Amino acid sequence: MYMLQALDIHKRFDHLEVLKGVSLQVNKGEVISIIGPSGSGKSTFLRCLNRLEKIDKGFIEIEGEVMAENDAHGRARYVDEKDVARLRRKMGMVFQNFNLFPHKSVIQNLTLAPTLVQQVDQGEAETVARQLLEKVGLSHKADNYPFELSGGQQQRVAIARALAMNPDILCFDEPTSALDPELTGEVLRVIHDLALERRTMIVVTHEIGFAREVSDRVIFMDDGLIVEQGSPEEVLTNPQQERTKSFLGTVLSAW
C-alpha cells in the first residue's frame with residue numbers, strides 16, 4: 001500500500017490551468033524532491049495533496065483511504081469534511097514563509113495544535129515540544145517569540161511544529177527560499193537528519209545539491225506536468241528529456 005497516491009490531478013485558477021494531469025505515488029520512508037522552474041505547478045501540487053487547494057479532477061488516497069475521487073461527471077468530489085480533516089492530519093506542512101504565530105512563544109507555537117486538535121495534555125505536549133526543539137537545535141529558544149529569531153531559526157521552529165503533530169508524511173514547500181545561504185544550510189541539515197530517520201517526505205525545492213544528496217526520487221515538473229522522474233543520478237546527472245537538460249543547464253550554470 002502506498003503512503004500517498006495522487007492520480008491525474010487537475011487544477012485551474014480561473015482560466016489558468018496550473019496542473020494538467022499530475023500523478024504521484026509515494027512509498028513509506030521515501031524522500032521525494034520536486035524541482036522545476038517557477039510557475040511549473042510544484043507548490044500548487046503540494047498544496048492540493050493535503051487539501052490546502054481543492055482539485056478540480058483526480059484521485060487522492062492517503063494510507064489506503066480515499067480523500068477525493070471523481071464523480072459521475074468527472075469532477076473531483078471529496079469525502080466529508082470530518083474525514084478530510086482527519087486525513088489532512090496525517091500530513092505535516094512546512095511553508096516557505098514559516099507561518100508561525102507571532103504573538104505566541106516558540107513553545108506555544110509547538111503545543112497549540114496538539115492540545116487543541118489532538119486533545120493532548122498540556123504537560124505532555126510541552127515535553128514533546130522541548131524534545132523536538134532539542135532535535136532542531138533550539139532548546140534554548142523555547143520562551144522566545146518569532147520576531148526574536150533569525151529566519152533559519154524560525155524555519156527550524158516551523159519544522160518542529162509540524163513534527164509535533166506526529167504526521168506520517170512531511171511536506172516542505174520551498175523551505176529555504178526566504179533564507180540567505182548561511183541560514184539555508186542550517187535548515188537543510190535538519191531536513192537531512194529527518195531523511196536519515198527514513199521519514200516519508202515530499203520536498204519542493206530549488207536546492208539541486210540537496211535534492212541529489214537526500215532524495216530517493218527526483219521529480220522534474222514544468223508547465224503543470226511531470227516531465228521526468230527517477231533516481232537523483234538518473235534525473236540530475238543523466239536526464240533524458242530536453243526540457244530537463246535545459247533547466248538543469250541554466251540552474252547549475254548560475255551557481
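Reader: What does helix H1 lie across?

Author: Helix H1 (residues 42-49) lies across strand E1 (4-13), E2, E4 and E5, at about 120° to E1. Helices (H or I, at least four residues) and strands (E, at least two) are DSSP runs, numbered from the N terminus. Angles run from 0 to 180 degrees between N-to-C directions, with axes fitted to C-alpha atoms, for helices over the stretch in contact (heavy atoms within 4.5 Å).

Reader: Is this a predicted or an experimental model?

Author: This is a predicted model, where local features need pLDDT of at least 70, side-chain atom pairs count only at pLDDT 80 or more, and totals for chains, interfaces and linings use all residues. Residues are numbered from 1 along each chain as its sequence is written, and side-chain values use heavy atoms, leaving out hydrogens and water.

Reader: Ok, and what order are the strands of the open sheet in?

Author: The order is E2-E1-E4-E5-E6, with antiparallel pairing; two strands pair if DSSP finds at least two bridges between them.

Reader: Which strands stand at the edges?

Author: Strand E2 (16-26) and strand E6 (76-78) each have a single partner strand, so one side of each lacks a neighbour in the sheet.

Reader: How many bridges join E4 to E5?

Author: Three bridges join E4 (residues 57-62) and E5 (residues 65-70). Isoleucine 60 is opposite alanine 68 in E5.

Reader: What about helix H2, what does that lie across?

Author: Helix H2 (residues 81-88) lies across E4, E5 and E6, at about 120° to E5.

Reader: New topic. Which residues is leucine 110 in contact with?

Author: Leaving aside neighbours within four places in sequence, leucine 110 is in contact with Ala129, Leu132, Leu133, Val157, Ala160, Arg161 and Ala164.
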